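Here are a few notes to read alongside the model.

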Amino acid sequence: MGMGWHEWPLMLFTVLGQCAVGGFIVLALVLLCGKTDEVQKKSIHKGMFFIWVLMGIAFLASMMHLGSPMRAFNSLNRIGESGLSNEIALGSAFFAIGGCYWLIAILGKMPAGLGKLWLVIGILSGLAFVYGMCRVYQIDTVPTWHSGYTTLNFFLTMLIGGSLLGYMLKNKACACGGKGLAAISVTALLVSAASGLMQGSELAQLHSSVTSATALVPQYGQMMALRLALVVLGLGCWICPLIRRKQPGCTSLLVGFILVVCGEIIGRAVFYNLHMTVGMTFGG
């Protein structure tokens with residue numbers, strides 16, 4: 001079996017989209033913090049540009065999966081009925097809400113009160129977008145996806161990658177929240193590791209009349225270990241300097257983020273390769 005690499009557009013879309021949402025939430029919370037002055041806010045707004053670059057790459061990847069941009073528009077015809085339509089609509093809403101806020105703020109035209117309300121709406125729309133992604137894969141006939149692990153792991157990617165991305169983009173603009181964000185990422189990583197172990201044990205009990213879930217990804221343990229190692233190394237590029245009470249450099253943070261994204265993509269490849277459409281499924 002291939003390791004789900006044929007679904008690379010969806011892997012990029014989901015991982016980068018979730019990281020972008022997490023990064024936006026971090027920057028939005030810093031902007032909402034009363035300790036952030038105007039000079040720092042301008043610096044953060046400049047960094048926020050890269051959030052929308054990632055979202056743009058994510059949506060381009062999703063369009064490649066659909067085959068053409070017109071299919072993306074056609075998929076919006078079933079909003080409220082189709083998980084895919086809801087996902088695209090919620091992602092577009094987050095992109096539009098956050099992108100418009102950034103454009104107005106970077107031009108210096110955003111009123112303070114309206115800006116705070118806009119950021120809160122942007123945070124909520126981002127969370128709704130990630131939840132919309134989760135719902136796409138809650139399919140009754142795909143038992144390997146239809147579980148709480150899917151929702152949990154999607155939000156954990158948002159916390160792990162998003163915290164690092166947000167810290168990297170705010171970097172020296174504001175000193176608040178550094179250790180807290182690192183603690184969130186480490187906690188999310190520990191939960192993710194436990195989730196992988198628990199899911200792996202449950203996959204061994206899931207099979208159909210045709211195949212078993214473990215046969216879909218015989219290298220499950222090795223791939224998840226590689227994924228964990230890359231994420232640990234990535235977070236280490238960020239956290240090790242903090243432990244030594246030093247400011248992580250931009251290069252170190254960028255390398256760390258790339259490692260985290262690579263790790264999460266490997267985990268997502270395992271996820272897509274676990275697709276198992278069944279007529280009759282047996283557990284135990």
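**Notes on the model**

1. The side chains of Arg227 and Glu264 form a salt bridge, with 2.5 Å from N to O; the term means a side-chain nitrogen of Lys or Arg within 4 Å of a carboxyl oxygen of Asp or Glu. Since Arg227 belongs to helix H9 (residues 220-243) and Glu264 to helix H10 (residues 250-273), the pair ties together parts that are 37 residues apart in sequence. Helices here are DSSP runs (H or I, at least four residues), numbered from the N terminus. Arg227 counts as buried because its relative accessibility is 5%, and Glu264 is buried too, at 3%. Buried means under 20% relative accessible area, exposed over 50%, and partly exposed in between (1.4 Å probe, protein chains only).

2. A word on the basis: this is a predicted model, in which local features need pLDDT of at least 70 and side-chain atom pairs count only at pLDDT 80 or more, while totals for chains, interfaces and linings use all residues. Residues are numbered from 1 along each chain as its sequence is written, and side-chain values use heavy atoms, with hydrogens and water left out.

3. How many salt bridges does the structure hold? There are two. In the other entry to look at, Lys41 pairs with Glu38, and their closest N and O atoms are 3.7 Å apart. These two residues are about one helical turn apart, because they sit three residues from each other in helix H2. Glu38 counts as exposed, at 53% relative accessibility.

4. Now the largest pocket, which has about 340 Å³ of space. Of its 18 lining residues, Glu38, Lys41, His45, Tyr101 and Met110 are the closest to its centre. Helices H1 (8-32), H2 (38-66), H4 (83-106) and H5 (112-136) each give at least two residues to the lining. A pocket is an open set of points on a 1 Å grid over the protein atoms alone, where a 1.4 Å probe fits, with protein on both sides within 12 Å along at least five of seven lines; lining residues have an atom within 4 Å of a point.

5. Please also look at helix H6 (residues 148-170): its 23 residues reach 32 Å from first C-alpha to last, close to the 33 Å expected at 1.5 Å a residue (1.5 Å times one less than the number of residues). H6 is mostly covered, with 17 of its 23 residues buried.

6. Finally, Arg245 has a positive phi of about 60° although it is not a glycine. Arg245 lies in the loop between H9 and H10 and is exposed, with a relative accessible area of 78%.

Technical notes. Points joined across faces, edges and corners; volume = space filled by probe spheres on them.
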